[in-house]
Each structure stands twice: as structure tokens, then as C-alpha cells.
Amino acid sequence: ALNHYSMALRLKPAFADAYFNLGNLLARQGKSDEAIINFSLALQLKPEFAEAHNSLGVVLARRGKLKEAIDHFREAIRINPHFRQAHLNLNIALQQAGGTEKPPATGAIQP
């Protein structure tokens, strides 16, 4: 998959979805620095990309950058108020950061 995303980006460098998919692949491989770069590139090209905000928030939260993660979860919800996973992730991140909102029963931030 990595080769396919890389080829897609060589052919179409402004393809936000390819950066997003590559970011998800890299995040699953534990390459959080590279994932953050790719999610950020997707958001530069497509600022209203709710899923990219959520996925970037997940990687940031896993790295302990809860304030930044919370900002991205909130942006994902602003863009798509019905984005259930972003709501769940926001609640968990707020709880982890010492907020007053209760986390969902799952207790783990998910992409």
C-alpha cells in the first residue's frame, strides 16, 4: 500500500486523500512523526477534512500532546457535528487532560 500511495502522490501531489491514507498506514506502523506530517499535508490541501483532523488528533493524543489533539477533535466536530468517533475521542482526551467530561465506556482513543 505504501508504494501505491507514494505513486499516487507522485502523479497527483495535491491529492489530500492519499496523504490521509498514507498517514493512517504510517500511524498503524507506529511511525507517528511521518503520520503527523502526512495528516498535516492532507489538511493543508483540504482544511475541512474532518477525518484527517480526527486521525491527527489520535496520533497527537498517543504522543501525549492532548491540547493539540483536543483542538483537532473539536475541529473535526465543527466540520461534521455527527462524527461520532471524534466526539468519543474528544471526551476521552478531555478526561485524560483532567477535564470534567466523562469518557465513553471504551476508554481508548480510536481513529
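A salt bridge is counted here when a side-chain nitrogen of Lys or Arg sits within 4 Å of a carboxyl oxygen of Asp or Glu. The model is a predicted one, so local features need pLDDT of at least 70 and side-chain atom pairs count only at pLDDT 80 or more, while totals for chains, interfaces and linings use all residues. Residues are numbered from 1 along each chain as its sequence is written, and side-chain values use heavy atoms, with hydrogens and water left out.

Searching the whole structure gives 5 salt bridges. (Helices are DSSP runs of H or I with at least four residues, numbered from the N terminus.) An α-helix has 3.6 residues a turn, so residues three or four places apart point the same way. Neither end is hidden away: Arg78 is partly exposed at 47% relative accessible area, and Glu75 is partly exposed at 23%. For these labels, buried means under 20% relative accessible area, exposed means over 50%, and partly exposed is what falls in between, using a 1.4 Å probe and protein chains only.

Other pairs reach across the chain. Lys46 and Asp17 form a salt bridge between their side chains, at 3.3 Å from N to O. Lys46 belongs to the loop between α3 and α4 and Asp17 to helix α2, so this pair ties together parts that are 29 residues apart in sequence. Lys46 has 35% relative accessibility and counts as partly exposed, as does Asp17 at 30%. Then there is Arg63 with Asp33, whose closest N and O atoms are 2.5 Å apart. This pair also links distant parts of the chain, with Arg63 in the loop between α4 and α5 (66-79) and Asp33 in helix α3, 30 residues apart. Arg63 is partly exposed at 38%, and so is Asp33 at 47%.

Back to α2, the helix that holds Asp17. Helix α2 covers residues 16-28, 13 residues in all, and spans 19 Å from its first C-alpha to its last, close to the 18 Å expected; the expected span is 1.5 Å times one less than the number of residues. Its buried residues include Tyr19, Phe20 and Leu22. Among the parts covering the buried residues are α1 (2-11), α3 (32-45) and α4 (50-62). After α2 comes Gly30, with a positive phi near 80°.

Technical notes: Helix = DSSP H or I, 4+ residues; strand = E, 2+ residues; numbered from the N terminus. Contact = heavy atoms within 4.5 Å.
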